[in-house]
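Please read them with the structure open beside you.

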Amino acid sequence: MNYAQAEKMLKSCGQEHVLAYWKKLSKKEQAALLEQIATIEPKSVRQCRAALGVGVENGCRKESENQDGKAPKVAELKGAALKKAIAAGEKELKAGRVAALLVAGGQGSRLGYDGPKGCYSIGPITGAPLFYFHARKILARSIRYGAAIPFYVMTSEANNEATVKCFEENEYFGLNPDDVFFFTQGMWPGMTKDGKIILDQPGHVFMSPDGHGGLLAALKKSGALADMKKRGIKSVFFFQVDNPLVEIADPAFIGYHVQEKSEYSLKLCAKRDPYEKVGMPMQFGKSYRMVEYTEMTDEQCNRKAKNGKLYFLYGSPAIHVFDRAFLDREASKAMPLHLAFKKIPTVVNGKVVKPDAPNGYKFEKFIFDILPNAKRAAFLAFEQKNEFSPVKNAEGSDSPATCKADMQAKWARWFAELGVTVPTTLPLEIDPVYAIDAADLKSLGLWLAAD
């Protein structure tokens with residue numbers, strides 16, 4: 001892109017001011033700015049401006065839709081139903097029709113770590129990174145079922161290089177590099193209240209990641225969706241990088257998804273308290289929609305069912321299975337934007353100013369916004385202690401300390417199933433390839449030595 005092309009494009013969407021300091025920039029800075037402008041799509045700018053023009057109040061998007069739907073029917077697989085679902089899932093895994101999709105675009109800054117969150121050390125004994133546990137679980141499933149599970153990893157511009165380097169330095173944690181596909185999520189410019197793109201340097205546009213919902217466009221643009229289709233993938237297991245307890249490509253979940261002929265299936269867990277910060281799927285007519293915790297009233301949060309439990313009991317920790325064809329269908333559609341009013345450095349009269357109060361908007365897309373478009377959806381309950389312990393905060397709840405404790409408690413329960421009590425004071429860590437569940441430990445027979 002040259003200057004004339006950039007100027008024409010910016011004028012088409014009312015953003016000529018982006019080139020206001022052009023003559024004061026060095027040749028290198030000019031080239032970098034043109035390269036950045038080339039990544040900005042006019043239709044995206046117009047979508048952001050439209051979002052700002054309606055439904056914005058106090059930094060939040062207004063929700064005109066009714067938010068009081070019905071709680072969905074959530075399955076709890078037991079006995080024969082569980083065995084049937086596992087068998088169906090194992091059939092898909094053995095046929096090589098399952099892929100894993102990881103959202104890993106975040107940095108570890110909230111944890112005091114300078115690097116991709118996936119590189120953060122979480123192994124209770126080895127200090128292995130989050131990526132290690134995810135990759136080794138995928139490898140364990142691949143070995144068990146004799147078929148590759150291709151691993152698609154969505155990064156961001158900020159951490160892609162470091163993420164790829166982490167995998168390379170660790171020899172892909174045992175995975176075949178040909179089965180690991182890295183791709184970056186999109187970046188969207190920040191805007192002022194009146195819809196003007198914000199410059200955080202005279203020659204640089206402020207950009208931020210477009211959220212986990214941006215993975216649809218990124219999957220298509222990167223060729224990942226085409227790669228899935230070429231491989232014959234039917235079911236795509238989606239999860240987030242900060243949860244090392246997740247049971248990746250769980251056969252029961254995959255099987256239930258297939259049995260229900262679902263396009264979008266969600267694992268849900270009972271909330272720890274009425275106000276837990278998780279999205280709640282609700283049914284509106286024949287379709288479903290995710291309602292964010294910030295959109296729920298006190299009455300909804302505390303409403304009770306006939307059995308005395310919370311009516312809206314189950315929340316989503318972002319563990320999903322998608323039908324690959326559904327992702328194909330949705331990838332070309334525009335998604336709703338979610339707005340966040342933030343303090344963003346901005347250029348005033350050629351100088352960078354750091355505001356004391358929020359002054360601009362970031363735009364994000366959320367993956368669950370495609371839930372209403374699914375022709376069929378399914379919901380499966382799971383126990384939080386077995387599959388969800390995120391690493392979000394440096395201290396307190398959902399911290400490295402609580403996550404490590406939950407990981408060790410889960411492994412200790414495996415031994416308990418075999419009649420072996422592991423003292424709580426004994427450090428414990430199990431490589432997923434060594435054992436992915438209690439059945440693996442039993443089959444190895446080596447656990448007897450611990451008795």
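Which residues lie nearest the centre of the second largest pocket, and how many residues line it?

1. Before the answer, two remarks on the basis of these notes. The model is predicted, and local features need pLDDT of at least 70, side-chain atom pairs count only at pLDDT 80 or more, while totals for chains, interfaces and linings use all residues. Residues are numbered from 1 along each chain as its sequence is written, and side-chain values use heavy atoms, with hydrogens and water left out.

2. The second largest pocket is lined by 33 residues, and those nearest its centre are Leu 82, Glu 247, Asp 250, Asn 386 and Glu 387. A pocket here is an open set of points on a 1 Å grid over the protein atoms alone, where a 1.4 Å probe fits, with protein on both sides within 12 Å along at least five of seven lines, and lining residues have an atom within 4 Å of a point. Its volume is about 1000 Å³, taken as the space filled by probe spheres set on the points, which are joined across faces, edges and corners.

3. By class, this lining holds 16 nonpolar, one polar and 16 charged residues, where Ala, Val, Leu, Ile, Met, Phe, Trp, Tyr, Cys and Pro count as nonpolar, Asp, Glu, Lys and Arg as charged, and the others, Gly among them, as polar. Helix H13 gives the most to the lining of the second largest pocket, with four residues; helices (H or I, at least four residues) and strands (E, at least two) are DSSP runs numbered from the N terminus.

4. In H13, the residues Pro 400, Cys 403, Met 407, Lys 410, Trp 411, Trp 414 and Phe 415 are buried, that is, under 20% relative accessible area with a 1.4 Å probe and protein chains only, whereas exposed means over 50% and partly exposed lies in between.

5. Among what covers the buried residues of H13 are helix H5 (130-145), helix H12 (384-387) and helix H14 (438-444). After H13 comes Gly 419, with a positive phi near 85°.

6. Asp 369 sits in the loop between strand S19 (360-364) and strand S20 (377-381), and is buried, with a relative accessible area of 17%. Neighbours within four places in sequence aside, Asp 369 is in contact (heavy atoms within 4.5 Å) with Met 335, Pro 336 and His 338.
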